[in-house]
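Keep the viewer open as you read.

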Amino acid sequence: MSVEVASLEKNTQVPVKKPDSPWRSAIRRFTRNRLALMGLIILILMFLMSFVGPLFSPYVLYDYDITLKNLAPSSEHWLGTDKLGRDILLRMMLAGRISLTVGLVATGISVVIGATLGALAGYYRKGVDTFIMRVADIFMALPSFPILIILGAILSDLKVDANDRIYFLMLIIGVLGWTGLSRLVRGQILTLREMEFMQATDALGLRDRRKIFRHLMPNVVPIIIVSATLGVAGAILYESALSYLGIGVVPPTPSWGNMISAANNMIDFRKRPWLWIPPGLCILITVTAINLIGDGLRDALDPKMKNR
C-alpha cells in the first residue's frame, strides 16, 4: 500500500518552474505597460513613414513647380504644397528621415563617450576619476543650446555644404551630451567594483580591459538603454530648434525644424497651416512616443519592479 501511495505522490508532483532570465522578465514587464507599447508602435510607424513612405511617393524631392505653390491639401497633394510647389507630405517624410537619423547617431556618440569615460572613472578612481569628472563638470557648466547656436553660426559663415552640416550637427550634439550618462555609469561601476564577482576576477588575474568591458559594462546596460532612449528625444529637439533658427539642417535638405520655419510670417501662420502643423505634430508625436518608451524601459529594467 505504501508503495502505491509513494508512486501516486511521485506522479502528482508539480514541476518546478525555472525562473525567468532578467531580460525576459524585463520584456514581460515592458509589454504590460500599455503606454510604453503605444509609444513603441507610434515610433515604429514614424520610422516606416520616414524610411519606407518616400518610396511610394509619385513626387521627387527637388522637383518644384511655381504654378502649384501654396496649394491647400487635396487628393493629389494630401498635405498641400509649399511656396515652391513641392509636395509637403514627401518633404515631411524625408525630413523625418533626417531628424530621426540625427537623433539616433548623436545619441550613439554621446553613449559611447559617456559610458566609456564613466566606466574608466568608476573603475580606476583616484586621479583618473578626478580628471574625468572635472572635465564633465566643465561640459555641464557650459550652456549647451547657446554653444550649439554659436557653432551652427560658424558652420554657416564657413559655408559648409548642406549635406555635410548634418554630420557636423550630429557630432556636436553627441559630444555635448555625454556628461549625464557618464555620471550614472560611474556611480554604478563604483558599486559593482566592490562586489564578490569582481573580487573573483582579481583572483583570476584578468586584465583591466576584460574586467571593465566583459564583467562591469554588461551590468550597467539597463541604465545606458534608458538614458539613450531619452537622449534621442533631446537630440531631435535640439536639431529641430537649430534648423528652425536656420543654423542646423538648411534647405533644400528638409528637416522638421526648417519646415516649421516656413511659417515665418503672419500670412503663412494664419492662412496656410498645412505648411507648419504637420512637421510640428511629427516632432510632438515622436518625442512623446520616445519618452513613453523611456519611462517604460526604466520601469521594466528597475530591479524593484520584479514582483509587479
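A polar contact here is a pair of N or O atoms within 3.5 Å; within protein, one must be able to donate a hydrogen and the other to accept it, and residues adjacent in sequence count only if both atoms are side-chain atoms. Helices (H or I, at least four residues) are DSSP runs, numbered from the N terminus. This is a predicted model, in which local features need pLDDT of at least 70 and side-chain atom pairs count only at pLDDT 80 or more, while totals for chains, interfaces and linings use all residues. Residues are numbered from 1 along each chain as its sequence is written, and side-chain values use heavy atoms, with hydrogens and water left out.

Start at N33, which caps the N-terminal end of α3: one of its side-chain oxygens lies 3.2 Å from the backbone nitrogen of L35. Helix α3 covers residues 34-51, and its 18 residues reach 26 Å from first C-alpha to last, close to the 26 Å expected at 1.5 Å a residue (1.5 Å times one less than the number of residues). Its buried residues are A36, G39, L43, M46, M49 and S50. Seen down the axis, they fall within an arc of 145°, so they line one face of α3; the arc is that of the directions from the helix axis to the C-beta atoms. Buried means under 20% relative accessible area, exposed over 50%, and partly exposed in between (1.4 Å probe, protein chains only). On the other side of α3, R34, I41 and L45 are exposed.

Next, look at R29 in helix α2 (residues 22-32). R29 counts as buried because its relative accessibility is 13%. A polar atom of the R29 side chain lies 2.4 Å from the backbone oxygen of A300.

Now move on to α8, residues 179-192, where G180 lies. With 36% relative accessibility, G180 counts as partly exposed. In α8, T179, L181, S182, V185, I189 and L192 are buried. They cover an arc of only 150° around the axis, which puts them on the same side of α8. Their cover includes α4 (88-124), α5, α9 (196-204), α10 (208-216) and α11 (221-244), where contact means heavy atoms within 4.5 Å.

What does α5 meet in α8? D129, M133, A136, D137, F139 and M140 in α5 meet T179, S182, R183 and R186 in α8. The C-alpha atoms of F139 and G180, 41 residues apart along the chain, are separated by 10.0 Å.

Technical notes. Helices (H or I, at least four residues) and strands (E, at least two) are DSSP runs, numbered from the N terminus.
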